[in-house]
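Visitor: Could you walk me through this structure and tell me what stands behind each label?

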Amino acid sequence: MKSMVIGGIILIVALMAGTYFVAGDSLNFGEDYINDLTMLAGLAIISITVFVALKYVNQIKNDTASGDLAEENWDGIGEFKNPIPTGWGLAFIGVIVWGMWYMTVGYPTNGFSQIGQWNEETLEYNAKFESKWQNPDADTLTAMGESIFLVQCAPCHGVDAQGIGGKAQDLTQRLLKESVVYAIKNGASNFKTQYPAGMPPMMLTDEKEIDEVATYVAGGLKGEQPASFAVCAGCHGADGNGMEYVAPSLKTYTDSVITAVLDDGKKANIGTMPSFKGRLNETQYKALATYIRGLGE
């Protein structure tokens, strides 16, 4: 028994040292009580687990079963009619009580949580932001949009917004010819929030007509309009300015186009852009749209 106790103590020290080696760099006692409690709880669990394991190993080695056997047996293996250990019973009831507390009043339903605190602070900040910038002028929107672009968009689109050599959309112009060809052949139906009907694929099937329309749209809808553009005009309008809730503008990045891309993400010939929904508020949407519209001017 003495050797087991010594071995157990050595095991506890080794486990504690291993725990501190792995997580100790994030622990500085006294700075954050949650981290302190977490580390102390971990050390307590290690100690309790080792001593309980040693206790039952010792019982297995030395104790002799006693008591009244039940009448039933299974292949000669019987069961004593002994009451459950008091500690087990208390632990079982304690777990039930703790579980009820946890599900009704404990974390995270009504108790403190770092995520909840972060959400509260974010909502409070957004409310202050929207109150402060209810009616920003064009210069303020542009400056705000530039800041948002550099943080949220530049990592993929580049600081100059030209798409980093084709890795993302070139935002200095509304549409590239390759993007128009892809949309005509594959459709565009992921802007559900702003244009729920979407665009079906193969609105044009003739390669010559597809090339003419793509060249015309990518060129800013300038020059002679190809006859086959009439198919597009049904939804995008004869002037290409789009229709609310029907089809986006082909000329410029309107607020609706930017909102659709941010909320729904985008799938095109280059690849897939994830949704940014929830990251920005309405004022920031307008600011970003204002800044991007000004890039090609």
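Guide: What follows is a set of questions and answers about the labels used for this model.

Guide: This is a predicted model, where local features need pLDDT of at least 70, side-chain atom pairs count only at pLDDT 80 or more, and totals for chains, interfaces and linings use all residues. Residues are numbered from 1 along each chain as its sequence is written, and side-chain values use heavy atoms, with hydrogens and water left out.

Visitor: What makes Ser228 buried or exposed?

Guide: Buried means under 20% relative accessible area, exposed over 50%, and partly exposed in between, with a 1.4 Å probe and protein chains only. Ser228 has 9% relative accessibility, so Ser228 counts as buried. Ser228 sits in the loop between H7 and H8; helices (H or I, at least four residues) and strands (E, at least two) are DSSP runs, numbered from the N terminus.

Visitor: Which residues does Ser228 touch?

Guide: Contact means heavy atoms within 4.5 Å. Not counting residues up to four places away in sequence, Ser228 touches Leu204, Glu209, Glu212 and Val213.

Visitor: And what is Trp74 called, buried or exposed?

Guide: Trp74 is in strand E1 (residues 69–74). The relative accessibility of Trp74 is 54%, so Trp74 counts as exposed.

Visitor: Which residues of H7 are buried, and why are they said to be on the same side?

Guide: The buried ones are Ile210, Val213, Ala214, Tyr216 and Val217. They cover an arc of only 165° around the axis, so they lie on the same side of H7; the arc is that of the directions from the helix axis to the C-beta atoms. In general, an α-helix has 3.6 residues a turn, so residues three or four places apart point the same way. The cover over the buried residues of H7 includes helix H6 (177–186) and helix H8 (230–236).

Visitor: What is found at the ends of H7?

Guide: At the N-terminal end, Asp206 is the cap, with a side-chain oxygen 3.0 Å from the backbone nitrogen of Lys208. After H7 comes Gly220, whose phi is positive, near 85°.

Visitor: What makes a group of residues a nonpolar core?

Guide: A nonpolar core is a set of buried Ala, Val, Leu, Ile, Met, Phe, Trp, Tyr and Cys residues joined through side-chain atoms within 4.5 Å. The largest one has 25 residues, of which Phe149, Leu262, Leu288 and Ile292 touch the most other members. Helix H5 (138–157), helix H9 (255–264) and helix H10 (282–295) each give two or more residues to this core. A second, separate core has 14 residues, including Leu175, Ile210, Val213 and Phe229.

Visitor: How do you know that H9 is mostly covered?

Guide: Of the 10 residues of H9, 8 are buried. Among them are Val257, Ile258, Val261 and Leu262. The buried residues of H9 pack against strand E3 (266–267), strand E4 (272–273) and H10.

Visitor: What makes Met199, Cys232, Cys235 and His236 a cluster?

Guide: The unreviewed UniProt entry lists "binding site" for these four as well. Although they are spread over 38 residues of sequence, the largest C-alpha distance is 10.5 Å, and they cluster in space.

Key: Polar contact = N/O pair within 3.5 Å; in protein donor to acceptor, adjacent residues only side chain to side chain. UniProt positions renumbered as here; feature names shortened; annotations may be inferred.
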